[in-house]
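Hi everyone, thanks for coming. Could you bring up the model on your screens so that we can walk through it together?

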Amino acid sequence: MENTENYLECERNRVYYTLIAIAGFFGAYTFLLRGKVFCNAQTGNLVLLGLAIGQAEWETAAYYLFPISAYMAGAFISELLPNPVKYHLKIRWDTLLIAVEMATVLVLGLVPESAPVQISQVAVNFIASMQYNTFRQAEGTPMATTFATNHIRQVGLGLAKEIQHFRKKDKKHREKWGKHCMMVVCFLLGVVFGTVACNIYSGKAIWITLLPFLIVLIDFLNEDLHAEEEKMRQKPHGH
């Protein structure tokens with residue numbers, strides 16, 4: 001078993017389970033209330049962009065450039081800011097990002113139902129990209145905190161390894177397999193809870209995610225200012 005003391009708080013499994021549950025909630029929110037799209041990843045938008053170009057629908061093609069550009073901008077900014085933040089502030093970039101996401105969620109809850117759905121879509125694209133690029137490994141295991149595709153694939157691989165190692169004592173794969181299973185479950189629970197909340201509270205339902213975000217933020221602040229103060233310049237694994 002690997003020594004988990006080498007990992008920063010922002011790499012803990014529980015943080016990843018929380019963030020992917022929030023991502024599932026975002027998926028329900030944008031699909032049900034903000035244009036029936038998924039903003040946590042961009043494969044669909046890229047396909048739709050290609051379809052629009054192929055059919056010479058230039059206005060439609062231009063429309064899909066906005067969410068794709070917002071996603072690229074999120075990756076760009078989240079790659080440049082970590083070093084300046086940790087050298088000039090007393091908190092890490094990971095901590096600041098959670099605060100930025102909370103501020104974005106707070107504003108999105110104030111957006112009226114009559115407002116263009118692109119406002120919410122672009123905002124979620126932007127913060128999802130930053131989160132995906134920032135949180136990369138959960139205690140040594142590569143993870144995505146904004147979509148579940150790879151986790152589902154990893155669950156399938158884990159099942160295959162269960163068969164391959166059925167008569168062997170080597171069960172090392174189970175720890176990683178268990179993490180991916182939990183990520184899928186947490187994402188799905190986020191979607192289910194988000195669906196119920198959106199049907200009851202409409203656009204303001206997104207404010208519910210402020211609570212798990214706040215728990216993560218308090219945890220990170222405590223680590224940055226006390227327990228991990230001496231590790232401020234240590235990079236998370238995978239960066």
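I'll talk about charged pairs, then the nonpolar cores, then aromatic rings, and end with one methionine.

A word on the source before that: this is a predicted model, where local features need pLDDT of at least 70 and side-chain atom pairs count only at pLDDT 80 or more, while totals for chains, interfaces and linings use all residues. Residues are numbered from 1 along each chain as its sequence is written, and side-chain values use heavy atoms, with hydrogens and water left out.

Let's begin with charge. Side chains of opposite charge can pair when their charged atoms come close. A salt bridge here is a side-chain nitrogen of Lys or Arg within 4 Å of a carboxyl oxygen of Asp or Glu.

Helices (H or I, at least four residues) and strands (E, at least two) are DSSP runs, numbered from the N terminus.

Next, Glu79 and Arg136 meet in a salt bridge at 2.9 Å, N to O. Glu79 lies in helix 3 (residues 58-80) and Arg136 in the loop between helix 6 and strand 1 (137-138), so this pair ties together parts that are 57 residues apart in sequence. Glu79 is partly exposed at 49%, and Arg136 is partly exposed at 22%.

Then there is Arg92 with Asp94, their closest N and O atoms 3.3 Å apart. Arg92 is buried at 7%, and Asp94 is buried at 5%.

Now to the inside. A nonpolar core is a set of buried Ala, Val, Leu, Ile, Met, Phe, Trp, Tyr and Cys residues joined through side-chain atoms within 4.5 Å. The largest one has 42 residues, and Phe26, Ile98, Phe135 and Phe213 touch the most other members. Helix 1, helix 5, helix 6, helix 8 (173-201) and helix 9 (210-227) each give two or more residues to this core. Which element gives the largest share? That is helix 1, with nine residues.

On to the rings. Rings of Phe, Tyr and Trp (its six-membered ring) pair if their centres lie within 6.5 Å; planes under 30 degrees apart count as stacked, over 60 as edge-to-face and the rest as tilted. By this rule there are seven aromatic pairs. Tyr132 and Phe147 have ring centres 5.0 Å apart and planes at 65°, so they are edge-to-face. Elsewhere on our list, Tyr16, Phe135 and Phe220 form one aromatic cluster.

Finally, please find Met143, in the loop between strand 2 and helix 7. Met143 is buried, at 6% relative accessible area. Leaving aside neighbours within four places in sequence, its contacts (heavy atoms within 4.5 Å) include Tyr16, Phe135, Arg136 and Met183.

Key:
Buried < 20%, exposed > 50% of the residue type's maximum accessible area, 1.4 Å probe, protein only.
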